[in-house]
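Have the 3D view open as you read.

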Amino acid sequence: MNISSVTGAWERAIKQLPNSLRCRIHRQEPLRYYTTLRVGGPADFFFVATDIASLAEIVQLAQTEKLPYVVLGEGSNVCVADTGVRGLVVLNKAYEVEIASLCRVATGYNFMRLFIKTLQASLSGLEWGVGIPGTVGGALVSNAGAYRGNIGPLVQRLEVVENGERKWVGPEWMEFSYRDSRLRQPNRPPATLLQVELQLAKGDQAQIRERARDYQMQRIRKQPWLPSAGSFFKNIENNHALAASLPHLPEPLKQMGRIPAAYLSELCGCKGYTVGGACVSTRHANFIVNRGGATAAQIRAVAEYVKAKVFERFGVLLEEEVLYIGDWPPKF
């Protein structure tokens with residue numbers, strides 16, 4: 001569909017909604033206010049889902065009518081095009097939660113807040129996530145993890161909308177892999193996560209807090225404070241030959257064949273590389289930050305520079321952990 005046909009189709013579809021939802025849809029909402037990078041053009045249509053029911057209803061409409069839509073959480077791990085997003089953007093603020101060993105939580109719930117709630121209930125399993133920005137839904141889409149933990153193994157089942165149908169599915173439906181799931185893969189049928197059940201374990205609250213504090217201090221020491229999308233590139237996995245060739249790479253990483261993207265970026269002298277208001281952080285070479293006034297195109301230009309330098313020197317192509325969303329020009 002071209003822009004005018006997408007707009008017309010959405011205008012007709014919106015008339016099918018009850019007035020209680022229809023009146024909450026806005027036009028040409030700037031998305032830079034909803035992303036941690038603080039970049040991005042407008043959404044053609046913009047809707048805030050305040051609970052699971054409204055989230056399900058709006059995406060069921062989009063899928064049934066085969067219309068383009070994007071679901072945003074707290075806007076980390078994404079870079080929205082300067083020209084914006086065609087179709088509908090749904091801001092997921094579904095916050096329902098039940099804290100128990102089998103924790104049920106809506107995908108719009110803040111991931112850090114979920115950890116704090118589980119800590120208060122002496123439940124272990126999410127310590128690695130302390131300080132990770134964004135929502136539970138975003139963590140699921142990218143199979144978020146850190147410090148040898150990740151969300152995938154905790155998932156027992158998920159409620160989704162797929163092909164207009166609302167249903168519960170098992171964790172295998174997500175096709176989890178390293179920082180990836182089926183929801184990041186192109187040319188898959190559109191689907192949206194509504195809520196998830198996570199299996200946690202009873203633990204000693206003091207020990208849980210201590211592990212989380214240690215992880216948080218490591219993040220504070222390493223990560224920049226300027227606006228960013230979080231870690232921009234995935235680490236290199238299972239490349240034992242490259243890992244063995246790097247003399248200063250720690251031995252445990254060599255044995256796993258894992259090379260941090262920041263390590264390669266720094267070796268290539270990318271720290272501080274700048275295009276306009278976008279810059280590779282001087283604190284952490286896997287963060288691209290907005291120093292003020294950056295455009296999405298400048299962020300992506302910096303990312304392409306890092307990829308080119310790493311490929312030129314080491315022969316590996318870094319893969320973005322950050323998702324590019326919206327109507328990007330052909331050069332990208």
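Predicted model: local features only at pLDDT ≥ 70, side-chain atom pairs only at ≥ 80, totals over all residues.

Residues are numbered from 1 along each chain as its sequence is written, and side-chain values use heavy atoms, leaving out hydrogens and water.

You'll find Gly40 in the loop between strand S1 (26–30) and strand S2 (42–49). Helices (H or I, at least four residues) and strands (E, at least two) are DSSP runs, numbered from the N terminus.

Is a given residue buried or exposed? Buried means under 20% relative accessible area, exposed over 50%, and partly exposed in between, using a 1.4 Å probe and protein chains only. Here are two examples:

| Residue | Relative accessible area | Class |
|---|---|---|
| Gly40 | 11% | buried |
| Met217 | 40% | partly exposed |

Met217 sits in helix H6 (residues 205–222).

Now for helix H4 (residues 111–120): its buried residues are Phe111, Leu114, Phe115, Thr118 and Leu119. They lie on the same side of H4, because they cover an arc of only 135° around the axis, taking directions from the helix axis to the C-beta atoms. Their cover includes strand S7 (102–106), helix H5 (136–141) and H6. Just after H4, Ser122 has a positive phi of about 60°.

Methods
Contact = heavy atoms within 4.5 Å.
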